[in-house]
Number of protein chains: 4
Amino acid sequence: MKKATAILFSCFFCIIDLFGQSAQPYSFPSFSGYHTLLCDFHIHTVFSDGLVWPTIRVDEALREGLDAIAITDHLEYTPHDRDIPAVDFNRSYEIAAEYGNKKGLIVIHGSEITREMPPGHLNALFLSNSNMLKKEDPVEAIREARKQGAWIFWNHPMWTAQKPDGMAELTSLHKQLLKENLIDGIEVVNDNNFSDESFEIALKNNLAILANSDIHGLVDWSFPAPQTGHRPITLVFAREKSSDAIREALENHRTVIWHAHILVGTQEFLEPLIKASLVVESAVYQPKTSVVSITLVNKSSQDLYVENTGKFTLHNTGPFFIIKAGEKYVLEIKTISKRDQFELALKIVNAYIAPGKNIQVSYLISPEK
Amino acid sequence: MKKATAILFSCFFCIIDLFGQSAQPYSFPSFSGYHTLLCDFHIHTVFSDGLVWPTIRVDEALREGLDAIAITDHLEYTPHDRDIPAVDFNRSYEIAAEYGNKKGLIVIHGSEITREMPPGHLNALFLSNSNMLKKEDPVEAIREARKQGAWIFWNHPMWTAQKPDGMAELTSLHKQLLKENLIDGIEVVNDNNFSDESFEIALKNNLAILANSDIHGLVDWSFPAPQTGHRPITLVFAREKSSDAIREALENHRTVIWHAHILVGTQEFLEPLIKASLVVESAVYQPKTSVVSITLVNKSSQDLYVENTGKFTLHNTGPFFIIKAGEKYVLEIKTISKRDQFELALKIVNAYIAPGKNIQVSYLISPEK
Amino acid sequence: MKKATAILFSCFFCIIDLFGQSAQPYSFPSFSGYHTLLCDFHIHTVFSDGLVWPTIRVDEALREGLDAIAITDHLEYTPHDRDIPAVDFNRSYEIAAEYGNKKGLIVIHGSEITREMPPGHLNALFLSNSNMLKKEDPVEAIREARKQGAWIFWNHPMWTAQKPDGMAELTSLHKQLLKENLIDGIEVVNDNNFSDESFEIALKNNLAILANSDIHGLVDWSFPAPQTGHRPITLVFAREKSSDAIREALENHRTVIWHAHILVGTQEFLEPLIKASLVVESAVYQPKTSVVSITLVNKSSQDLYVENTGKFTLHNTGPFFIIKAGEKYVLEIKTISKRDQFELALKIVNAYIAPGKNIQVSYLISPEK
Amino acid sequence: MKKATAILFSCFFCIIDLFGQSAQPYSFPSFSGYHTLLCDFHIHTVFSDGLVWPTIRVDEALREGLDAIAITDHLEYTPHDRDIPAVDFNRSYEIAAEYGNKKGLIVIHGSEITREMPPGHLNALFLSNSNMLKKEDPVEAIREARKQGAWIFWNHPMWTAQKPDGMAELTSLHKQLLKENLIDGIEVVNDNNFSDESFEIALKNNLAILANSDIHGLVDWSFPAPQTGHRPITLVFAREKSSDAIREALENHRTVIWHAHILVGTQEFLEPLIKASLVVESAVYQPKTSVVSITLVNKSSQDLYVENTGKFTLHNTGPFFIIKAGEKYVLEIKTISKRDQFELALKIVNAYIAPGKNIQVSYLISPEK
C-alpha cells in the first residue's frame with residue numbers, strides 16, 4: 001500500500017516559517033471589493049515614552065507589510081521632556097507622516113489621552129491638532145478630539161496596572177461616554193494581551209474591535225515566536241488604500257484582528273476573510289475509488305488549524321489538520337459513493353466570531369471524476 | 001571503500017525542526033512505571049517488494065529514535081524473486097535482527113499474510129518460522145501464526161485497492177476471525193492513511209490500535225512535512241524495553257498512535273501520556289494582580305494545539321494556543337481574585353479518545369502569590 | 001556615514017543553504033556549447049555489497065539533480081549471495097536502467113573489477129556484458145572490458161586498506177596498463193577521500209579525473225555537512241545529454257570534479273566553468289566617487305571563496321570575500337580615478353588547477369559612470 | 001502599557017546561524033590572561049543624527065554579546081535640534097551609561113568631532129565633559145579632548161563623501177596631529193567600509209586599529225548576511241572587563257578587528273587569538289595506516305577558511321577547508337610513516353596581519369598511535 005503524493009512547497013513562506021513566525025511581509029487576501037489593509041493604531045516614539053525616532057516606526061511597518069500606522073504618543077506622559085521639551089504634540093506625527101508619505105505608508109495623526117481609570121487611556125485618530133487636547137478633564141479632551149472629527153477607541157481595558165484582575169469592564173463613566181457616542185472602538189488586543197471580555201463589550205455595545213501593538217521599544221524584539229511571533233495587527237477592509245477609506249471602514253466596523261495565532265472578528269467580516277484565505281484549488285476523485293483529493297491553499301500569513309465537521313470522514317488524517325501560511329494541503333475525503341457535489345464543512349480552530357466560539361465555513365465541492 | 005565518520009552536530013535536531021517536522025530523534029515521555037516505546041510494526045525490505053536491505057530499516061529506525069520495528073515482508077508477493085529467490089521467509093528478519101541486536105534496536109519477527117479481501121492483509125508478529133505460514137487458505141495461515149504464538153493484526157482496512165470507498169468495515173470473515181480470537185489489533189493508520197472507521201472498529205471490538213509506516217522505499221522521503229512530517233508510529237507503554245514487554249503491552253492494548261499532527265488512544269492511556277507530555281512547571285501570580293503566569297512545558301515531539309475550556313479566561317491569548325514540541329509556553333490566566341487553588345482545564349485539539357472526540361485534561365494549580 | 005545597500009536574496013538557495021549544504025537539486029552552468037552534466041560513476045546496490053535496490057539509486061540521483069550514474073557492482077565481492085545468487089552481473093544495471101529510462105536519468109552499464117593491489121579496483125563503464133569479465137587474471141578482465149569497448153578508470157588509489165599511507169602511487173602493473181592504454185581515468189575523489197597524489201598522476205599521465213561517491217548505504221546519510229555536504233560529483237562537459245556524449249566527453253577528459261567545498265580541474269575546463277559560474281551582472285561608479293559597485297552572481301551550487309588579486313583595493317571588504325551559491329554579491333572596488341575599463345583579477349580559493357595551485361580568473365570591467 | 005516577558009529560547013541562537021549569520025551573542029576566546037572584549041566605539045543616537053534613544057543602543061549591544069560601547073554623537077551636527085535642543089552634549093552618554101550600568105554593559109563617554117576634511121571626523125573616548133569640545137578650531141577641540149585625557153581616533157578615512165576615491169591618506173594636518181600625539185587610533189572599518197590603506201597607515205604610524213559600526217539606524221537591519229552578517233566589532237584584549245582596562249588595552253594597541261568574514265590584526269595579537277580560536281582537540285592515527293585524524297574545534301563566532309600549507313597532503317579534502325563557527329572539523333593528514341610528532345601548518349585565508357598578507361599558524365601534533 002504505497003502512494004506518492006506530489007506536493008509543491010512555495011519557497012517563500014517556508015523559509016520564513018523556519019522561525020515559527022508568520023511570513024514577513026505579512027499579507028491577507030482582499031475580498032468583496034474591499035482591500036484588506038494591515039494596520040497598527042497604537043504606537044509610541046521618543047516624543048512620549050517610546051524609544052525610537054518616528055521614522056523607525058515607518059520602516060518597521062513597511063518591513064512587515066503594514067499599510068497604515070497611527071502615531072499615538074501620550075499627551076500626559078512625556079518622561080523624556082528634560083531632553084525633548086513637550087511643547088508640540090503634533091511633532092511625532094509630522095515627522096513620521098513626512099517620511100511615510102515618501103515611502104508609501106499611510107500615517108494617521110493620533111494621540112493617546114492618558115488618564116487614571118476611569119476612563120483610563122483612549123486613542124483619538126485622525127486629529128488635526130493634538131495640542132488642543134491638553135485639558136484637565138478627560139471628557140473635555142475627548143470632546144475636543146471629537147470636535148476635530150476624531151475616531152476614538154478605548155485602550156487596553158484589560159491592563160492590570162489600571163484593572164488588577166485584567167477583566168475589562170465598563171465603568172459608569174465609560175457607559176456615559178458610550179451614551180454620548182464618544183467611544184467608537186475598543187482594543188481586544190494590546191501588546192501581548194488579549195481580552196475575551198473586551199470582545200464581549202464590543203459585541204454588546206456595537207464597538208469596532210482593534211488589535212494594536214502599543215509598541216515602545218523595537219517591534220522585532222517585542223513579539224518573539226512562539227508566544228506571539230508578530231505584532232498585533234488590525235485588518236481593515238477598506239474601499240481603497242487611503243487614510244479616508246480606513247476611516248470609513250473603521251466607522252463601519254469592518255475589522256478583523258490578528259494576535260499570536262488567532263483571528264477574531266464578527267461573522268460578517270471573518271467569514272469572507274477566511275473564505276478568501278482558505279481556497280479550494282481543485283477536487284478530484286482518486287481513480288477507482290470514492291475518495292476525493294481536495295487541494296486547499298492558504299493565502300494568508302496565518303497558519304490555519306482546521307477541524308473537519310462535515311458528515312464524511314477523512315482518508316489521510318484524523319479530523320484535525322493544519323494548512324500552513326502560504327502553503328497547500330491535500331485533504332482526502334471519503335464520500336462513500338461518487339458524488340457530483342457535496343459540502344466540505346470546516347471549523348477553523350484558531351478563528352473566533354465570539355468569545356470561545358469558532359467560525360464554521362463550508363465549501364460546495366464539485367469534484368472531477 | 002567505506003568508512004563511517006561519527007560526527008555529532010549539536011544543532012542537528014533543532015535544524016530539522018525548523019522545517020516544520022517534529023524533531024528527530026522523536027521522543028515521548030514515560031509514565032506510571034511504563035516505558036513509552038516508539039514502534040513501527042509494518043515494514044518491507046527487498047525480500048518482498050521493499051527497496052532496501054533489512055539493515056537500512058534498522059538504521060532508519062535508530063536515527064528517528066524508534067525502540068522497536070517489526071520486519072513484515074509479504075509471504076505471497078515477492079516481485080524480486082527473479083533475483084532474490086523466495087525460498088526462506090525468515091531471512092529479512094534474521095538479517096535485520098542480527099544487525100539490530102548489535103545496535104540496540106528491538107527487531108520483531110513478523111510476516112504479512114497477503115490476501116484478497118476478505119480478509120485482506122494481516123501481520124503476524126513474534127513468529128518463530130515464517131515459512132510455515134505459506135498455506136493456501138488464509139485462515140489456515142492465520143491459525144498457523146497463532147500456533148506459533150503470534151500476535152495478529154488487520155492491516156490497512158481503509159486501503160482503497162481492496163475497499164474502494166476507503167471505509168473500513170468488518171466482513172463476515174473478519175467477524176469469524178474475531179470470534180475465534182484470531183485478530184488482536186487493527187491499523188488505524190497505515191502509510192499516509194488514517195481511518196476513523198478502523199478506530200471505531202477497534203473500540204467496539206476491543207482491538208489494540210496501531211499506526212505503522214508500511215514503508216517500501218525510504219522513510220526520509222515518504223512522509224514529508226507539512227502533510228505528515230514523520231512516519232506513523234505506535235507508542236507502546238511497556239514494563240521494560242524488551243520484545244517480551246512489547247508483546248505484553250500489545251496484548252493489553254497499551255498503545256497510543258501518532259500520525260501527522262495527531263495522537264489517538266483510549267482515555268486510559270492517552271490521558272496519562274498527555275499529562276506526562278504537557279507539564280505545569282510553575283504558576284505564580286503577577287505582582288499586584290489576580291493574573292497567574294503558568295509555565296507549561298511540552299516534553300513530547302508533537303506540537304500540542306490547546307483550547308482553554310476552564311471557567312477563567314486568558315490574558316495573553318484567546319482560548320486557542322500552541323505549545324511547540326520541546327518548548328515552553330507561558331499561559332496567563334485571569335482568576336478574578338487571588339486563589340490558593342484552581343483548575344486549569346484544557347482540550348487538546350489534536351488528541352482524540354474516540355472518532356471526533358478530543359481529550360480533556362485538567363491540572364490543579366496552586367499558584368505562588 | 002550611512003549607506004543602504006539593497007540586496008535581493010534568491011530564496012531558493014538561501015533555504016537550502018540553511019543546512020550549510022549546497023542547494024539540491026545541484027546545478028552548475030553550461031558553457032561553450034557544452035552541457036554541464038552532473039555524474040557519479042561509482043555506485044553499489046544490493047547486488048554486491050550495497051544496501052539498496054537499484055531503483056533507489058535512480059531516485060537518489062534525480063533528487064540531487066544528477067544527469068547520469070553508473071551502476072558498478074563488484075564482480076568478485078558479493079556478500080549477499082546467500083540471498084541474491086551471483087549468477088548474472090548485468091542485473092543491477094538492467095533494473096536501474098529500465099527505471100532510469102522512464103524517469104529521465106542516464107544509467108551507464110558498469111562493473112567494478114575488484115582485486116588485491118596491484119592493480120586494486122578498476123571500474124569499467126559502457127559494458128555490454130558484465131559476466132564476461134569474470135576472469136581469474138585481472139589484466140584479462142580489463143582486456144575483456146576493453147574488448148567490449150569499455151572506458152576504464154582506477155578506483156580510490158588512496159584507499160588505506162590497499163595503500164596504508166594513502167599516497168596514491170603507480171605500481172609497475174599500473175605503468176604496464178597505462179602503456180597498453182588500458183586505463184583512461186583515475187579517481188581523485190572517492191567517497192570521503194581526496195588525493196592530491198591522484199591528481200598529480202592524472203596530470204602527468206594524461207588521465208581523466210573523476211570524483212565518485214562509491215556509495216553503499218544511503219547518499220543522504222553519507223555526506224553530511226559541514227565536512228562534505230553533498231556526494232562527490234564529476235562534472236562532465238558533454239555535447240548533449242546522452243550516454244554517448246558522456247563517453248565522448250570522458251574520452252576527451254572534459255571533466256571537473258566537485259568534492260566538499262572544492263572544485264578541481266585543468267585550466268582548460270575549470271576556467272570556463274568558473275567564468276560561467278561567477279558572472280559580472282553590472283558595474284557602476286558610485287555617484288561623485290571613483291568607487292565601482294560590481295554586482296557578481298554565483299550561478300553554481302558551490303559557494304565561491306574569493307581573493308582579490310588585482311591592483312585596486314576593495315572598499316567594502318578586505319581582499320577575501322564569499323559569494324554564496326545562487327546569490328549575488330556587491331563588490332566595491334577603488335579605481336583611484338574614473339576609468340573606462342579595468343581588470344578585475346580574482347583568485348578562487350576553493351578551485352584548483354594543480355595540487356595546491358588555485359585558479360585565477362579575470363574580468364574586463366567597463367563600468368557605467 | 002508595557003511589560004517585558006523574559007523568555008529563553010534554547011534554539012534561538014542556532015536558528016540565527018542558519019541564515020548565514022554568525023551566531024548571536026557573538027563570542028571570541030580569551031588568551032594569555034587577557035579578556036577578549038567585544039567593543040563598538042562609534043555609535044549615534046537621536047541626540048545627533050541617530051534614530052534611537054540611547055538605551056536601545058545598550059540593548060542592541062547586549063543581545064549581540066558586546067562588552068562595551070562608546071556613545072559618540074556628533075558635536076557639530078544635530079539635525080534633530082528643533083525637537084531635541086542641542087544644549088548638553090553629555091546627555092546621550094549619561095542616559096546610556098545609567099541604563100548600561102544596570103544591565104552590565106560598559107558604556108564609554110565619547111563624542112564625534114565632526115569637521116570638513118582635513119581633519120574630517122575624529123572620535124574622542126573617555127571624556128569628562130563633551131560640551132567643552134565645542135570650539136571653532138578642530139585642533140583646539142582635539143586638544144581639549146586630550147586635556148580631558150581622551151583617547152582619540154580618526155574616523156572613516158575612506159569615506160567617499162570626504163575622500164571621493166575612498167583612498168585613506170594622511171594630510172599635512174593629520175601628520176601634524178600625529179606629530180603632536182593627538183591621534184591614537186584609526187578606523188580600518190567603518191559601517192560597511194573596509195580600508196587596506198587605513199590598515200597600512202596604522203602599521204606605519206603605530207596606531208591602534210578599530211572596526212566600528214557608526215550605527216545610526218537599527219543594528220539588526222544594517223548589516224545583513226551574506227554581505228556582512230554582523231556589525232563591525234573591535235576585539236579588545238583587556239586585563240579585566242572594565243572601562244579602565246579597555247583604555248589601557250587601547251593605549252597598548254591590543255586590538256583585532258572583525259568585519260564581514262574577516263579578522264585583521266597584528267601578528268602579536270592575531271596569532272594568539274587564532275590559536276585560542278582554532279584548537280586541536282585530538283589527533284590519532286587511523287588503525288593500520290599512517291593517516292592521522294585531527295579534530296579541530298573553532299571556538300570563535302567566525303567561520304575559519306583554512307589552507308593546508310604543511311608538507312603533508314590531506315586525505316579527506318584538498319588543501320582548502322572550512323571550520324564553521326562553534327563546530328568541529330576532522331582533518332585527515334597523510335604523514336607517510338607513523339610519526340611521534342609533526343607540524344600542522346595552516347594559513348587562515350580570512351585573517352590578515354598586513355594588507356593582503358594572511359596569517360600562518362602552526363601546531364605541533366603528537367598523535368596517538
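In the predicted model, Ala70(C) stands opposite Ile108(C) in strand E3 of chain C. This places the pair within the contact between E2(C) and E3(C), residues 106-114, which run parallel and are joined by four bridges. The chain passes from E2(C) to E3(C) by way of helix H3 (residues 91-103) of chain C. This β-α-β crossover is right-handed. E2(C) also pairs with strand E1 (residues 35-40) of chain C. That pairing is parallel too, over two bridges. Here Asp40(C) stands opposite Ile69(C).

In a regular strand, side chains alternate between the two faces of the sheet. Strand E2 of chain C, residues 68-71, has Ala68(C) and Ala70(C) pointing one way. Ile69(C) and Ile71(C) point the other way. All four residues are buried.

Backbone geometry was examined next. Most residues other than glycine have a negative phi, and most peptide bonds are trans. His156(C) has a positive phi, near 30°, and is not a glycine. His156(C) sits in the loop between strand E5 (151-154) and helix H5 (172-179) of chain C. His156(C) counts as buried because 26 C-beta neighbours lie inside 10 Å, and the cut-off for burial is 20 or more.

Phe126(D) likewise is not a glycine and has a positive phi, about 65°. The loop that holds Phe126(D) lies between E4 and helix H4 (138-147) of chain D. Phe126(D) has 19 C-beta neighbours inside 10 Å and therefore counts as partly exposed.

Two cis peptide bonds are described here by position. The bond from Pro118(D) to Pro119(D) is cis, with omega near 5°. Pro119(D) is found in the loop between strand E3 (106-114) and strand E4 (121-125) of chain D. The bond from Ala225(A) to Pro226(A) is also cis, with omega near 0°. Pro226(A) belongs to the loop between helix H7 (219-222) and strand E9 (233-238) of chain A.

Chains A and B share an interface. In it, 52 residues of chain B are in contact with 51 residues of chain A. Several elements of chain B each supply at least two residues to the side that touches chain A. They are strand E7 (193-194), helix H6 (196-205), strand E11 (262-265), strand E15 (320-323), strand E16 (328-334) and strand E17 (342-354). By residue class, this side of chain B divides into 23 nonpolar, 20 polar and nine charged residues.

Methods: Residues are numbered from 1 along each chain as its sequence is written. Chains are lettered from A and ligands numbered from 1 in the order in which they are written. This is a predicted model: local features need pLDDT of at least 70, side-chain atom pairs count only at pLDDT 80 or more; totals for chains, interfaces and linings use all residues. Two residues are in contact if their C-beta atoms, placed from the backbone, lie within 7 Å. Ala, Val, Leu, Ile, Met, Phe, Trp, Tyr, Cys and Pro count as nonpolar, Asp, Glu, Lys and Arg as charged, and the others, Gly among them, as polar. A residue is buried if 20 or more other C-beta atoms lie within 10 Å of its own, exposed if 12 or fewer, and partly exposed in between; C-beta atoms are placed from the backbone. Two strands pair if DSSP finds at least two bridges between them. A crossover is right-handed if, with the strands pointing away from the viewer, the path from the first strand over the helix to the second runs clockwise.
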